[in-house]
Amino acid sequence: MPTRIAENPAVALDAWSAPLAADPAGAAAFLAEVADRVARRPRVLVPGGGPVADTLASAGYAVTEAGFDNLPGQRFDVVYAGSDVLSRLLVQREQVRLVRRLATLLRPGGGLVVQGFHPDPARWAAHPLVTGHDCARQTLFLSDGVPLRYVWPAELDLMAELADLALDSRWGGWYGEPAACGSPVVSLYRS
């Protein structure tokens, strides 16, 4: 059964992932740096496409855009899972399956870049976008009814390990900021 991810996220979800999504040039520069460390003529997969894919392509990178339901059969040097794509899957098993699917698309030595949000349950009660929280299911409900299953960094590391990937680095943004609770997080895994 294919993984289903909302292709057009709701407005609250856009606002939730805005800290990193609002900087496609920063994302493209980060991905370009990762890609350049892997191959001479790197190939990059940006599921869903958008401004990050456009920026990379205009910089001369071979970029493939595809939906999560029709991922290509070829291999890539870098695969980018942006905009809290894992959080849109509401069951951990589906999140693990997606990480495994994306890992199979990597060439040896390639990198999987996962953009997300470091959970901070203590702040959610006062967060203007959060209307509910189910801690047993690790699910947040945003103001327009959009549910998200948050992923702890250690949990994401285990998902990656199950896909034969290892954590290379983790940052709080595209420019090497330290990761912190309640902030954006960018994790790089290597095959």
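I looked up Asp 77 and Arg 107 and found their side chains in a salt bridge, 3.2 Å from N to O; the term takes a side-chain nitrogen of Lys or Arg within 4 Å of a carboxyl oxygen of Asp or Glu. Asp 77 lies in strand β3 and Arg 107 in strand β4, so the pair ties together parts that are 30 residues apart in sequence. Strands are DSSP runs (E, at least two residues) and helices likewise (H or I, at least four), numbered from the N terminus.

Asp 77 is buried at 2% relative accessible area, while Arg 107 is partly exposed at 28%. Buried means under 20%, exposed over 50%, and partly exposed in between, with a 1.4 Å probe and protein chains only.

I noted that this is a predicted model, in which local features need pLDDT of at least 70, side-chain atom pairs count only at pLDDT 80 or more, and totals for chains, interfaces and linings use all residues. Residues are numbered from 1 along each chain as its sequence is written, and side-chain values use heavy atoms, without hydrogens and water.

By the salt-bridge rule I have a count of six. One of them joins Asp 168 to Arg 190, with the closest N and O atoms 3.5 Å apart. Asp 168 is in β8 and Arg 190 in β9 (184–190), so this pair ties together parts 22 residues apart in sequence. Asp 168 is partly exposed at 37%; Arg 190 is buried at 16%.

I then traced the open sheet: six strands in the order β2-β1-β3-β4-β9-β8, with mixed pairing (two strands pair if DSSP finds at least two bridges between them).
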